[in-house]
Amino acid sequence: MDKKSSPMRVDKVDKRVLGPVLMGFFIMGFCDIVAPISGRIATEFPASQQAAVSFLPTMVFLWFLVLSTPLAALMNRIGRKAMSMIGYAFTIAGLLVPFLAGEGCALGWYFAGFGLLGIGNTALQVAVNPLLATIVPGERMTSYLTVGQIFRNTSLLLLAPIVTGSWRLLLPIYAGLTVLGGIWLQFTTVAEPERSGHAAGMSDCFRLLTNRAVLWCTLGVACFIAGDVGIGFLSVRLIDNPDSILTTTGFYACRIVGTLVGAWVLVRLSDVKYLSWNMAGALVLCVVLLFVRNEAAIYAAVGLMGFAMACVFATFYAVATKAVPEQANGVAGLMIMAIAAGAVSGPVCGAIIRWTGNPHLGMLFVALCVGYMLWASIKLKIK
């Protein structure tokens, strides 16, 4: 998708730009609220509409499939900073629509708001990840992507303390933070690679899949997002009490710990080797969550899942980028398109729960996703 020229050479981290870019990762995490709060939204509607409510996370992730490659092509023309600003604008709109519609509003307002939120997040994901690549040396890319995920996961720590009161308070708070992030980036000068007038499309991105490392990493990101959204959807349903939202908080708190540990480990150890260790542990935890019913054990297992899943996206993204560094925007388009896999998690896990009446069996879906990531990490390590 890029012009096939040498990528920008970065010798040291541009700390002046690092702050607003990491703020972009923080704002990127706002779309992750949809899966866990869908359980709260479900209580506002009758049983006949519960199946429709389970599609709310789909409205966020659908746009990654539809828009990621067109937005990556547009980014070649307008630049990464401009694409980030577009993402901020849609994110603000998506957060405010259901808030302004008010409590007790029609389900359509949630679909509209979360759809706009998904469009904004797609633009942000397409722009912010390669924007980081313009200010960080290639050999430190995995480590700094992991740091970016720390900021992303931190935004989710607001979820439980606010949701236990009124989850709607999250919407204006996140909208205000998005405004601040947009202003900060707008007034920061960002050096970008030469822009291309070539309006590449999906075929240009798919051509990159002939590289096996890119293919395995793209599918790895798809399985990571599907499994991640699945955990968010299931975690609040594994414990039958009003405080079950704390499982989600524990998941993201432990993920932050995992990203901090990963940022240190990945400077010293092969990223795909570390990934394979974590996925082996995550697969064991999936099996545990199929059978345990003790609340403390569930909290612990979900938290450990958060730790194990901490560095997955950063590793797959960095490995794919290093495989074809001259095609960074094209890789970004593919990676972000793979995020659309999160759209299937709510419907699939919801259907399993409705058919079996047992939310724990939804972990079979997560286990399938983790199993692929373990296989891919082993293949990448061999390659």
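User: In H15, which residues are buried?
Analyst: This is a predicted model. H15 is mostly covered, with 10 of its 12 residues buried. Buried here means under 20% relative accessible area. The residues in H15 that qualify are Val312, Phe313, Ala314, Thr315, Phe316, Tyr317, Ala318, Val319, Ala320 and Thr321.

User: How many Å apart are the end C-alpha atoms of helix H15?
Analyst: Helix H15 covers residues 312–323, which is 12 residues.

User: Is Ser84 buried or exposed?
Analyst: Ser84 sits in helix H5, residues 80–101. Leaving out residues up to four places away in sequence, Ser84 touches Leu124, Ala127, Val128, Leu131 and Leu185. Its relative accessibility is 0%, so Ser84 counts as buried.

User: Which residue has its backbone oxygen 3.0 Å from a polar atom of the Ser84 side chain?
Analyst: Ser84 belongs to helix H5, which spans residues 80–101. A polar atom of the Ser84 side chain lies 3.0 Å from a backbone oxygen. That oxygen belongs to Arg80.

User: What is the accessible area of the nonpolar surface patch with Leu62, Leu65 and Val66 together?
Analyst: Leu65 lies in helix H4, residues 56–78. Leu65 counts as partly exposed because its relative accessibility is 45%. A patch residue needs over 30%. Together, Leu62, Leu65 and Val66 have an accessible area of about 220 Å².

Methods:
Residues numbered from 1 in each chain as written. Predicted model: local features only at pLDDT ≥ 70, side-chain atom pairs only at ≥ 80, totals over all residues. Heavy atoms only, no water. Patch = residues over 30% accessible without salt bridge, like charges linked within 9 Å, V, L, I, M, F, W, Y side chains within 5 Å. Areas by Shrake-Rupley, 256 points an atom, 1.4 Å probe, with all protein chains shown as cover. Salt bridge = Lys/Arg side-chain N within 4 Å of Asp/Glu carboxyl O. Helix = DSSP H or I, 4+ residues; strand = E, 2+ residues; numbered from the N terminus. Buried < 20%, exposed > 50% of the residue type's maximum accessible area, 1.4 Å probe, protein only. Expected span 1.5 Å × (residues − 1). Polar contact = N/O pair within 3.5 Å; in protein donor to acceptor, adjacent residues only side chain to side chain. Contact = heavy atoms within 4.5 Å.
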